[in-house]
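Let's take a friendly walk through a protein model, from its inside to its surface. Keep the picture at hand as you read.

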Amino acid sequence: MLRKNRLFTPGPTPILPAAQTAMASFAVHHRTADFRALFQRVLADMKDFIGTQNDVLVLASSGTGVMEGAVSNLTSPGDRVLVLTAGKFGERWRDLAHAFGCDVELVTAPYGATFSLD
């Protein structure tokens, strides 16, 4: 029996041959009417999938790009922000807040630990 490995981590993962074929079949230029129609359908489907009536944002970036977008759009230099860090993601929030000129109040815990609401 053929055993297929499934890797559930960030980064390249094995995909089904049908998905590979679909990805290789054609490319729609992002400035065409065909792309706009496809993108509008995807956004509508995402609303249904997520279960919201609100707008859904699709960002072509890594998670760090989304984090940077959040910090750059929701804070201003000098804003006081609270960052809880118990690992790499918290450190990334800290570094981004510093990079955008925020006054960072840092609460730390050992890697992998959790924080009490108290």
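Here is a short tour of the core, a surface patch and some charged pairs.

This is a predicted model. Start inside: the largest nonpolar core has five residues, namely Val-81, Val-83, Ala-97, Cys-102 and Val-104. Look at Cys-102 in particular. Leaving aside residues up to four places away in sequence, Cys-102 touches Thr-75, Ser-76, Gly-78, Asp-79, Val-81 and Ala-97. Two of these contacts, Val-81 and Ala-97, are also members of the core.

Leu-38, Phe-39, Val-42 and Val-58 make a nonpolar surface patch of about 280 Å². Val-58 sits in the loop between helix H2 (33-50) and helix H3 (63-74). Its relative accessibility is 44%, so Val-58 counts as partly exposed.

| Salt bridge | N to O distance |
|---|---|
| Lys-47 and Asp-55 | 3.9 Å |
| Arg-80 and Glu-105 | 2.2 Å |
| Glu-91 and Lys-88 | 3.7 Å |

The salt bridge between Arg-80 and Glu-105 links distant parts of the chain: Arg-80 is in strand E1 (residues 80-85) and Glu-105 in strand E2 (residues 103-108), 25 residues apart. Arg-80 is exposed at 65% relative accessible area, while Glu-105 is partly exposed at 35%.

Glu-91 and Lys-88 are three residues apart in helix H4 (residues 88-99), so about one helical turn separates them. Lys-88 is exposed, at 55%.

Definitions and conventions: Residues numbered from 1 in each chain as written. Predicted model: local features only at pLDDT ≥ 70, side-chain atom pairs only at ≥ 80, totals over all residues. Heavy atoms only, no water. Core = buried A, V, L, I, M, F, W, Y, C linked by side-chain atoms within 4.5 Å. Buried < 20%, exposed > 50% of the residue type's maximum accessible area, 1.4 Å probe, protein only. Contact = heavy atoms within 4.5 Å. Patch = residues over 30% accessible without salt bridge, like charges linked within 9 Å, V, L, I, M, F, W, Y side chains within 5 Å. Areas by Shrake-Rupley, 256 points an atom, 1.4 Å probe, with all protein chains shown as cover. Salt bridge = Lys/Arg side-chain N within 4 Å of Asp/Glu carboxyl O. Helix = DSSP H or I, 4+ residues; strand = E, 2+ residues; numbered from the N terminus.
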